[in-house]
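Hi everyone, and thanks for coming. Today I'd like to walk you through one structure, a stop at a time. Have a look at it first, and then we'll start.

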Amino acid sequence: MNQKVYSRIAGTGGYLPEKILTNADLEKMVDTSDEWIRERTGIEQRHIAAEGQTTCDLAEQATLKALDMAGLEASAIDLIIVATTTPDKTFPSTACLLQQRLAIHGCPAFDIQAVCSGFVYALSVADQFIKTGMAKCVLVVGAETLSRIINWTDRNTCVLFGDGAGAVLLEASEQEGILSTHIHADGQYEDLLHVPSGISKLPSSDSIEERTMNMKGNEVFKMAINTLSRIAKETLEANGLQKEDIDWLVPHQANLRIINGTAKKLKLSADQAVITVHKHANTSSASVPLALDEAIRDGRIQRGHMLLLEAFGGGFTWGSALIRY
Ligand code: UT7
């Protein structure tokens, strides 16, 4: 009988641009306060890419760290998937640009666009490739320069987001790794969280509102809370597991109140949720791999621990992954 194949995490890496924008800095830009931002979101600061620094630049740095942790050469990679909403160019994909930086040639490389759920989507796709024997070593990256699609005069959105990248190397293994992934979308909520213009729609818009992120925050908040607890339940049921079996919640970092609400519904203690939102703000597809990398590097997440990764974002899209680290 053939041995079951799992996608096992071989290494992780994270990268944040040098420049930090604090709540105090934002107080000088829009009508807001450090107190409001902390109380409503938990955010204290965010990192912002330097002029000319691109999503691929951030992705490359995170990837080099993941390769180093895994003790692998880039030549071992046989598939690259980059989740991003802020690609360097219309085309080629950021994954192709990243492949070039790594000086490898020929392996498939493509981007996934699922906004804040992008990394979980990419992880799910990577897992299918490994389970079916189509790939043995997959680089999965979530990378964003969201600062480029933010209206810095809109207090409803500009305080919430930051730039960054997180990378994970998955290897085919007979030892347990990703146990299941669950991804969903519902396009009827398009207008609650979106950038109105793009390449095909309103391509030459010079309206700042059309070129940047628009969000009906409160409605998104309610949907996120309900959807995330539903997907956690779906994930545990699919694996015949109980809430108590989870060691770590590695959530999308949009709002501390959403993370705490989800952890509470899972009966997890506050410190079983990996939290980076206070330092990074919402980095969309980069937020889950950045949080994962941080908790692995500081020793909280240990081999054998059970991890629940989850995310919710524009689309709406949402997803989860249950992983034995
Ligand atoms: O990653 C993708 C998924 N995204 C999310 O999950 C984000 C979900 N949404 C949220 O995290 C929250 O809804 C926000 C943090 C965006 C907003 O918090 P809220 O508690 O839902 O506030 P609100 O939108 O209901 O606004 C409350 C008040 C409003 O004033 P009035 O109308 O009550 O006078 C806003 O104008 O807060 C005001 N406000 C601000 N005040 C100071 C909104 N933004 C700010 C601000 N500073 N930056």
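Let's begin with the second largest pocket, where α8 gives the largest share of the lining, five residues. Before I go on, please keep in mind that this is a predicted model. Which helices each supply at least two residues of that lining? They are α8, covering 217-238, and α9, covering 256-265. If you'd like to find the spot on your screen, look for Leu228, Ser229, Ala232, Lys233 and Leu236, then Leu241, Gln242 and Lys243, and finally Thr262, Lys265 and Leu266; together these line the second largest pocket. Sorted by class, the lining has five nonpolar, three polar and three charged residues. And how much space lies in this pocket? About 160 Å³.

Next stop, the aromatic rings. How many aromatic pairs does the structure hold? Four. One of them is formed by Tyr189 and Phe316, and this pair is stacked, with 5.1 Å centre to centre and 20° between the planes. The two partners come from distant parts of the chain, 127 residues apart: Tyr189 is in the loop between β8 (178-185) and β9 (193-194), while Phe316 is in the loop between β12 (306-313) and β13 (317-324). Phe316 has 0% relative accessibility, so Phe316 counts as buried.

Phe312 and Phe316 form a tilted aromatic pair, 4.7 Å centre to centre with 45° between the planes. Both Phe312 and Phe316 are buried. Now put the pieces together: Tyr189, Phe312, Phe316 and Trp318 form one aromatic cluster.

While we're talking about rings, here is another kind of contact. What sits over the ring of Tyr325? The charged end of Arg303 does, 4.0 Å from the ring centre.

Let's turn to the backbone. In general, most residues other than glycine have a negative phi, and most peptide bonds are trans. With that in mind, go back to Phe316 for a moment. The peptide bond that joins Gly315 and Phe316 is cis, with omega about -10°. Phe316, remember, lies in the loop between β12 and β13. There is also a cis bond from Phe91 to Pro92, with omega near -5°. Pro92 is found in the loop between β4 (79-83) and α4 (94-101).

Now for phi. Ala103 is not a glycine, yet Ala103 has a positive phi of about 60°. Ala281 is not a glycine either, and Ala281 has a positive phi of about 60° too. Where do we find them? Ala103 lies in the loop between α4 and β5 (109-112), and Ala281 is in the loop between α10 (277-280) and α11 (287-297).

A quick look at one more loop residue. Gly71 lies in the loop between α3 (55-70) and β4, and Gly71 counts as exposed at 64% relative accessibility. Gly71 and Ala10 are 61 residues apart along the chain, and their C-alpha atoms are separated by 8.5 Å.

Last stop, the cysteines. A disulfide is a covalent bond between the sulfur atoms of two cysteines.

Terms used: Residues are numbered from 1 along each chain as its sequence is written. This is a predicted model: local features need pLDDT of at least 70, side-chain atom pairs count only at pLDDT 80 or more; totals for chains, interfaces and linings use all residues. Side-chain values use heavy atoms; hydrogens and water are left out. Rings of Phe, Tyr and Trp (its six-membered ring) pair if their centres lie within 6.5 Å; planes under 30 degrees apart count as stacked, over 60 as edge-to-face and the rest as tilted. Helices (H or I, at least four residues) and strands (E, at least two) are DSSP runs, numbered from the N terminus. Buried means under 20% relative accessible area, exposed over 50%, partly exposed in between (1.4 Å probe, protein chains only). A charge sits over a ring if NZ of Lys or CZ of Arg is within 6 Å of the ring centre and within 35 degrees of the ring normal. On a 1 Å grid over the protein atoms alone, a cavity is a set of points where a 1.4 Å probe fits but cannot get out, and a pocket is an open set with protein on both sides within 12 Å along at least five of seven lines; lining residues have an atom within 4 Å of a point. Grid points are joined across faces, edges and corners, and a volume is the space filled by probe spheres set on the points. Ala, Val, Leu, Ile, Met, Phe, Trp, Tyr, Cys and Pro count as nonpolar, Asp, Glu, Lys and Arg as charged, and the others, Gly among them, as polar.
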